[in-house]
Amino acid sequence: MSKSVIKPGRVAVITGAAKGIGAAAARRFAREGMRLSLFDRDREALESLARTLRAECCIVSGDVTSEQDLLRLRDTTLTAFGEISLLMNNAGIKQGGGPWDNPSDWRIQLETNLLSVVNMQHLFVPVMLDSNNNAAIVNLGSKEGITTPPGNAAYSVAKAGMRVLTEQLAHDLRMRAGGRVTAHLLVPGYTWTDMNFPGMQENKDQKPDEAWTADQVIAYFIGRYERGDFYIICPDNAVTPEMDARRIAWSYHDILDNRPALSRWHPDWKNAFNEWMKK
Ligand SMILES: NC(=O)c1ccc[n+]([C@@H]2O[C@H](COP(=O)([O-])OP(=O)(O)OC[C@H]3O[C@@H](n4cnc5c(N)ncnc54)[C@H](O)[C@@H]3O)[C@@H](O)[C@H]2O)c1
């Protein structure tokens, strides 16, 4: 019997649900007959999305960096629906932060993209474990948290932390709940959302060919989640799963082969990397 929680009547909680990948998840889960608890700091966008969904839906506006707001999200959801089947920790920002940039910029990035998820897990996982039902936690990672390209150290650190946090969660849930409650790391590729294209709603004809839509990310997620996969690394229209695999292997070989850090972007290693990708 499938352990999938994406089923009519089950309850999905999505943070950052007002736009982008979170909104695509809300639309798709609504079509699957799930009941929804949607959280975002953009109340207006959340309300306008909720009006388009044919689903039992409660909306909670707040900030993922506020423990009180997250507690309110949990309690409102339990009062409305009595259970939590699928928790999608999706809210995120992409704000610059170089290795010696202002620590206050770092703090905002880490609190939003990483520490909020520690708080969410602290508040929600015990409830999911206490129920007798199957349940799943989906955390949004990034390829920037796996191959960690230069350019936005704070985002890469937050997403690398998210990967490790979710791996640890998956292990501890396996030992504790024997597969009844599972964790999954969803890693979108290049996706056409506000994060990459601020104000994109008004420019629907401007999607670059390389990018996937948020709906494609969610369709891919569901297929891989239902197969029971932990690492769900999305391709896009420019990057295939084989290219991702070679890039990830190159990164790990920096350690194994004692190469300079981030050798993929080191001028002396450019040709070797290009040859590796051609193999
Ligand atoms: N778009 C991509 O190419 C891409 C690639 C890899 C990973 N991701 C990850 O996917 C997730 C979703 O990204 P997206 O592209 O849909 O972004 P988006 O900017 O389109 O949507 C993010 C949503 O999160 C909400 N949000 C941001 N900070 C919040 C806070 N402090 N409290 C409450 N809500 C908050 C925003 O209001 C918005 O509705 C993020 O975690 C992001 O890092 C995106």
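# Chatting through helix packing and a ligand shell

Me: Hi! Let's start with helix 1 and helix 6. At what angle do they pack?
Reply: Hi! In this predicted model, helix 1 and helix 6 (residues 214–226) pack at an angle of about 60°, and their axes are 8 Å apart. That angle makes helix 1 oblique to helix 6.

Me: Is that crossing left-handed or right-handed?
Reply: Helix 1 and helix 6 cross in a right-handed way.

Me: Which residues meet there?
Reply: From helix 1 you have G20, I21, A23, A24, A25 and R28, and they meet A214, D215, V217 and I218 of helix 6. Sorted by type, the residues of this contact are seven nonpolar, one polar and two charged.

Me: New topic, the ligand. How many residues are around it, and which come nearest?
Reply: There are 27 residues around the ligand, and the nearest are G16, G20, G92, T193 and M195.

Me: Nice. Which element gives the largest share of that shell?
Reply: Helix 1 (residues 20–31) does, with three residues.

Me: And how do the shell residues divide by type?
Reply: Around the ligand there are ten nonpolar, eleven polar and six charged residues.

Me: Back to helices. How do helix 3 and helix 4 pack?
Reply: Helix 3 (residues 67–81) and helix 4 (residues 103–130) pack at an angle of about 25°, with 10 Å between their axes.

Me: Why does that count as roughly parallel?
Reply: Angles under 35 degrees count as roughly parallel, so helix 3 and helix 4 are roughly parallel to each other. Their crossing is right-handed.

Me: Who makes the contact there?
Reply: Helix 3 brings E67, L70, L71 and R74, while helix 4 brings N119, M120, L123, F124 and V127. By type, the contact of helix 3 with helix 4 has six nonpolar, one polar and two charged residues.

Me: While we're on helix 4, is D130 buried or exposed?
Reply: D130, which lies in helix 4, is exposed, because it has 7 other C-beta atoms within 10 Å.

Me: How far apart are D130 and S156 in sequence and in space?
Reply: They are 26 residues apart in sequence, and 34 Å apart in space from C-alpha to C-alpha.

Me: What about helix 7 and helix 8, what's their angle?
Reply: Helix 7 (residues 241–256) and helix 8 (residues 270–278) pack at about 140°, with axes 9 Å apart. Roughly antiparallel needs an angle over 145 degrees, so helix 7 and helix 8 are oblique to each other. Helix 7 passes helix 8 in a right-handed crossing.

Me: Which residues meet in that pair?
Reply: M243, R246 and W250 of helix 7 meet F273, W276 and M277 of helix 8. Five of the residues in this contact are nonpolar, none is polar and one is charged.

Note on methods
Residues are numbered from 1 along each chain as its sequence is written. This is a predicted model: local features need pLDDT of at least 70, side-chain atom pairs count only at pLDDT 80 or more; totals for chains, interfaces and linings use all residues. Axes are lines fitted to C-alpha atoms, for helices over the stretch in contact, and angles run from 0 to 180 degrees between N-to-C directions. Helices (H or I, at least four residues) and strands (E, at least two) are DSSP runs, numbered from the N terminus. Angles under 35 degrees count as roughly parallel, over 145 as roughly antiparallel, 65 to 115 as roughly perpendicular and the rest as oblique. A crossing is left-handed if the near helix is turned anticlockwise from the far one by less than a right angle, and right-handed if clockwise. Two residues are in contact if their C-beta atoms, placed from the backbone, lie within 7 Å. Ala, Val, Leu, Ile, Met, Phe, Trp, Tyr, Cys and Pro count as nonpolar, Asp, Glu, Lys and Arg as charged, and the others, Gly among them, as polar. A residue is near a molecule or strand if its C-beta atom, placed from the backbone, lies within 6 Å of it. A residue is buried if 20 or more other C-beta atoms lie within 10 Å of its own, exposed if 12 or fewer, and partly exposed in between; C-beta atoms are placed from the backbone.
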